[in-house]
Amino acid sequence: MASLSIFLVFNLFFSTFFPTSSSISTKNLILPLKIQSVPSGSGQKPPNKLAFHHNVSLTVSLSVGSPPQAVTVVLDTGSELSWLRCKKTPTTPLWFDSQRSKTYTPVPCSSPTCRTRTRDFTLPVSCDPKKLCHAIVSYADATSVEGNLAYDTFRFTNSDLPRVVFGCMDSGSSSNQDEDSKTTGLLGMNRGSLSFVSQMGFSKFSYCISGRDSTGVLLFGDTKISWLGPLSYTPLVNMSTPLPYFDRVAYTVQLEGIKVAGTVLGLPKSVYVPDHTGAGQTMVDSGTQFTFLLGPVYTALKNEFLKQTKSVLRVYEDPDFVFQGAMDLCYRIDRKRVGLPVLPSVTLMFRGAQMSISGERLLVQVPGMIKGNDQIHCFTFGNSDLLGIEAYVIGHHHQQNMWMEFDLANSRVGLAQVRCDLASQKLGMGL
C-alpha cells in the first residue's frame, strides 16, 4: 500500500537466487539500507548485507537493462508489482529508457505471466492495441500508474537477474511530486506471485529501521545473528476464499488489542477481526509512514491518549485541521522546549507478539506550521475511515528500532526490540 503518506528510503544492492541462473539459493543477502554494497557470501559465510537511509522514502538503488541504467525505487512491502517510470516528464526526471535496453521484452497478452500470475492485482490487466499486457496500479492515496508488463535484467553488485517481470509505466498521477522526482519507481515486496521477493526465491527477509540516525539494514535470507535476542512471532492471517476487501497477498497479522500505558482499550476483540467482506484486516506495510486504525478503535485510542496526557500536553484546538487527511489529534509544543514531556506508551497487541511505541515516535511535527510561539505536533496514529480504506495499517514509523522478520516459509512475522543503529554497525562489520 504505497503512498498512504510518506515513505522510507533504502539504497539497496544485492545478489539473488533466480531459477534460470546458477543456483545460489543457499546464499543470504544483507543490505545496509543505504549506499554501500557487500559481496554475496555462501551459506557458511555472513549473510549478504546492505544499508539504507530513511528520510521520506525507503529507496533502493540498482541497475536495470543492457547496458545497465541506474534506477532508484521505493521499497514497499504493501505492493506486488515492481515498476519503473518509462517516460520522462518535467516533474519526474528519473526514468528508465526501455528502448536503450537490448534485454527489454514486453509481456504479450497471451503469456501465462499475463493470464495467470496477475491474479492478485487490485485491478485486472488488459490487452492494449499491440496485444501487450497492460496494467494499472492504484494506491490508497488515490494515485495510480499504468503501462505494460515487461521482462528485463535487474543487476545488484555482480549478480544479474534475467527476465524479472516489472511494469514499464508511461503515465500516472501523483500526490507528492517532490518525492516522485527523486525516484524512478517502486519495488513490490508482498507475497504475490510477481512481487520482487517471490521472483528472487528467498523465503525470508528482515529489516531494522533506526530512529536515531536514519540508518538501517535490510537482510534477505536466513541467518543466525548471535547478538539478536529471540523474536516474538505472530502468524500471518491467510484467507483461502477471495473476499472483496481482503488483500490475500499482504503481510496480514491479527491485532487483538491496544493499550495506553497499562490501560487496555475497552473494546471487544471482534472489532479487530476482519468481517465477512474481508474489511478490517491488519497489514504490516513499509510503504506507509504512520499507523491507521478503523474509526471506532481510533476514537477509543484518541480519547484514552487525551485523558492520559491532559496534564502534560496542550491540544491544538482547530476542528478544521487534519494532518495528512486522517490525523486529527494535534498539540501545541513550545518551540523553545527541548524534547517532549514523558508520554504514555501505546502498545499494539498481536497474537503472540507486541509492538510498543513510545517517546518521540508518538508525535510528529507538522513541517513549517507555527502558531504563535508553538510548533504543531500530531499524534502518529490516524483514522483509516478518513482515508477511505477498510483496514488497519502498521506503518514504518512505528517499526523503528524493531527487528522485523518476514518469514514466508513459516507464514509468520517476527518482532524484537533492538537498537537499529547498532544493528546496522554490527552487520556492517560482518558480525
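Which cysteine forms a disulfide with Cys 208, and how many Å apart are their sulfur atoms?

## The link of Cys 208 and Cys 420

In this predicted model, the partner of Cys 208 is Cys 420, and the two sulfur atoms of this disulfide are 2.0 Å apart. The pair links distant parts of the chain, with Cys 208 in strand β12 (residues 204-209) and Cys 420 in helix α6 (residues 420-428), 212 residues apart. Because the torsion about the S-S bond is about -80°, this disulfide is left-handed.

## The link of Cys 330 and Cys 378

A disulfide also joins Cys 330 and Cys 378, whose sulfur atoms are 2.0 Å apart. The torsion about this S-S bond is about 95°, so the disulfide is right-handed. Since Cys 330 belongs to strand β21 (residues 330-334) and Cys 378 to strand β25 (residues 374-379), the pair ties together parts that are 48 residues apart in sequence. Cys 330 and Cys 378 are both buried.

## The link of Cys 109 and Cys 127

Cys 109 is joined to Cys 127 by a disulfide with an S to S distance of 2.0 Å, and this link is right-handed, with 115° about the S-S bond. Cys 109 sits in the loop between β6 (105-106) and α1 (112-115), whereas Cys 127 lies in strand β7 (residues 126-127), 18 residues apart. Cys 109 is buried, with a relative accessible area of 15%, whereas Cys 127 is partly exposed, at 47%.

## Overall pairing

The count comes to five disulfides. With the bonded cysteines of the protein chain numbered in sequence order, the pairing reads 1-6, 2-4, 3-5, 7-10, 8-9.

Technical notes:
Residues numbered from 1 in each chain as written. Predicted model: local features only at pLDDT ≥ 70, side-chain atom pairs only at ≥ 80, totals over all residues. Heavy atoms only, no water. Disulfide = S-S within 2.5 Å. Helix = DSSP H or I, 4+ residues; strand = E, 2+ residues; numbered from the N terminus. Buried < 20%, exposed > 50% of the residue type's maximum accessible area, 1.4 Å probe, protein only.
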